[in-house]
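Hello,

Here is the structure I promised to pass on. Please open it beside this email and follow along.

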Amino acid sequence: MALLEVQVPDIGDFDEVTVIELMVKVGDTVKAEQSLITVESDTASMEIPSSMAGLVKEMRVALGDKVKQGSVVLLVEAAGAAAVPAAAVAEAPTALAVAPVAAAPVASAPVAAPAASGPVPVHVPDIGDFKDVVVIEVMVKPGDNIKVEQSLITVESDKASMEIPSSAAGVLKELKVKVGDKVNIGDLLAVLEGAASAAVAVTTAPAILASAAATVALPSTVAAPAHAPGGATLGLPHASPSVRKFARELGVPLEEVKGHGLKGRITVDDVQAFTKSIMSGAVQTKAQAAKAPATSGGDGAALGLIPWPKVDFAKFGPIERKEMGRIKKISGANLLRNAIMIPAVTNHDDADITELEAFRVSTNKENEKSGVKVTMLAFLIKACVATLKKYPEFNSSLDGDALVYKNYWHIGFAADTPNGLMVPVIRDCDKKGVLQISQEMSELAKKARDGKLGPAEMSGATFTISSLGGIGGKYFTPIINAPEVAILGVCKSTMEPVWDGKQFVPRLMLPLSLTWDHRVIDGAAAARFNAFLGQILSDFRRVLL
């Protein structure tokens, strides 16, 4: 296939703009209208879309380059019929400039208007064929002295952001919009006092936003920008619209992300790196820090408790101080929050696993060559899935006043590691057999012990099992792993005498401790859950029913 050029389309009345972000690289497959680069003028940033689909073979621009209409962005190996010659793009100006600027009004010199003594309204000018663009930054406040063409707010569409200038000068008496509001042409932005009307009428304001094709026609009459992209702003991070959208989808506070792009611009890689740091616990957002519950070393003031006792332990004898590991610090804060906020109740019961244990031992003998060792926990996971299906409220989560029922069964299991307790998650346990679950559990437990468990492998659980295995103990009260509503604790099975109606016979009994959220589950449902789980464990054929 031939190599075709992708050029910068008609993006308004300007000479050159700076490339501030590269959104594709050589080897990428791009679609028609996919954003390729982000460019920036004094008052707006915009994304340049591709005019055709294909494979990127060569990049012709780099960060910091100046480009204009007709500049070659890259070469693509066009994908069959999807290829659209660059000339064809130029023939369809309506697709790239939704609201073209009338040449005469823009070229003409601004005409000063007589001063107005009373309140003067400032409206959103004609900025293209779009509806409901979002206010992402407010750049002024009541009491400020406003100049003509001074930027008041920044708005954003899916592809471009722009600043809205004032059409008059004076003292800002009232601001009619706030961050998050949606505005349209003609909406009232502000009221000025002692103002002079705009040098350029609103009806002739140039179109500087085209939401359909990310085309921005930059005004040629603005003498000097009131706000320089890349410099200090009143809350707007230095990032392209697509990066801000990506951050919003992830819930990332961009103002806390350090940019490593040109002029400190925040890139997609910066957002992803910040997210990984949060998930690993290496970094906390300001919101997390503000909402973090008091730990055992805190004073408990946030909970209305009396101060935590401060003791000089050294005066009683020799001591050694060791800082807690990162995992214990993170899990400790989560456990305290869950223990305080969840009204938890625990039911204790025993399950007869005599026949199941015999089947497990024989299964391991038959599969000795496979290298996969089946544990009782693998059977327990399958039994829990069957029980969760029968009692779906145990596989749900609270969301405000609503209950979210999950139609998937991802089971977390507590793994003891040298660095502390970790909870890997086995996904879609309803679709996997005991052998596959055993293999995945072994692999995840090893990764946890080696410190190689990723955040994705510890998220998404709908129910958790905490097993003390062969360590010992009888019963305990596990703490629910929010936002789950229940957790099952199991201890070491023991041989006990059980009355069969005629005599006492030795049976292998497994202690069960089910902790449940009383906001979602009541005592009767919990008792039924344990009873049904016990029936499955005593006769595993019930899993097939």
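A residue counts as buried when its relative accessible area is under 20%. By that cut-off, helix H4 (residues 241-250) has Pro 241, Ser 242, Val 243, Arg 244 and Ala 247 buried. Gly 251 follows H4 and has a positive phi, near 75 degrees. Please keep in mind that this is a predicted model.

**Overall picture**

The protein chain has 545 residues, and 41% of them are buried. It holds 11 helices and 27 strands. Among contacts with a separation of 6 or more, 64% join residues 24 or more positions apart. The accessible surface is about 28,400 Å². Carbon and sulfur atoms own 56% of that surface.

**The cores**

In soluble globular proteins, nonpolar side chains tend to be buried together. The largest nonpolar core here has 53 residues. Ile 381, Phe 394, Phe 463, Ile 465, Leu 488, Ile 521 and Leu 537 touch the most other members. Several elements supply at least two residues each, including helix H9 (376-390), helix H10 (434-449), strand E24 (463-467), strand E27 (504-517) and helix H11 (523-538). H9 gives the largest share, 11 residues. A second, separate core has 21 residues, among them Val 120, Val 122, Leu 152 and Ile 164.

Ile 521 is worth a click. Beyond its neighbours within four places in sequence, Ile 521 is in contact with Glu 393, Phe 394, Val 485, Ala 486, Trp 516 and Ala 526.

Start with Leu 514, in strand E27. Is Leu 514 buried or exposed? Its relative accessible area is 0%, so Leu 514 is buried.

Next is Ser 466, in strand E24. Its relative accessibility is 13%, so Ser 466 counts as buried. Leaving aside neighbours within four places in sequence, Ser 466 is in contact with Ala 414, Phe 476, Ile 487, Leu 488, Gly 489 and Val 490.

Helix H8 (354-366), H9, strand E21 (415-417), H10 and E24 each supply at least two lining residues. H10 gives the most, with 6. By class, the lining has 16 nonpolar, 10 polar and 6 charged residues.

**Backbone points to check**

Most residues other than glycine have a negative phi, and most peptide bonds are trans. These spots depart from that:

- The peptide bond from Ala 482 to Pro 483 is cis, with omega near 10 degrees. Pro 483 sits in the loop between E24 and E25.
- Glu 33 has a positive phi, near 75 degrees. Glu 33 lies in the loop between strand E3 (29-30) and strand E4 (35-40). Its relative accessible area is 43%, so Glu 33 is partly exposed.
- Asp 428 has a positive phi of about 50 degrees. Asp 428 is in the loop between strand E23 (425-426) and H10. At 28% relative accessibility, Asp 428 counts as partly exposed.

Best wishes

Methods: Residues numbered from 1 in each chain as written. Predicted model: local features only at pLDDT ≥ 70, side-chain atom pairs only at ≥ 80, totals over all residues. Heavy atoms only, no water. Core = buried A, V, L, I, M, F, W, Y, C linked by side-chain atoms within 4.5 Å. Buried < 20%, exposed > 50% of the residue type's maximum accessible area, 1.4 Å probe, protein only. Helix = DSSP H or I, 4+ residues; strand = E, 2+ residues; numbered from the N terminus. Contact = heavy atoms within 4.5 Å. Nonpolar A, V, L, I, M, F, W, Y, C, P; charged D, E, K, R; others polar. Areas by Shrake-Rupley, 256 points an atom, 1.4 Å probe, with all protein chains shown as cover.
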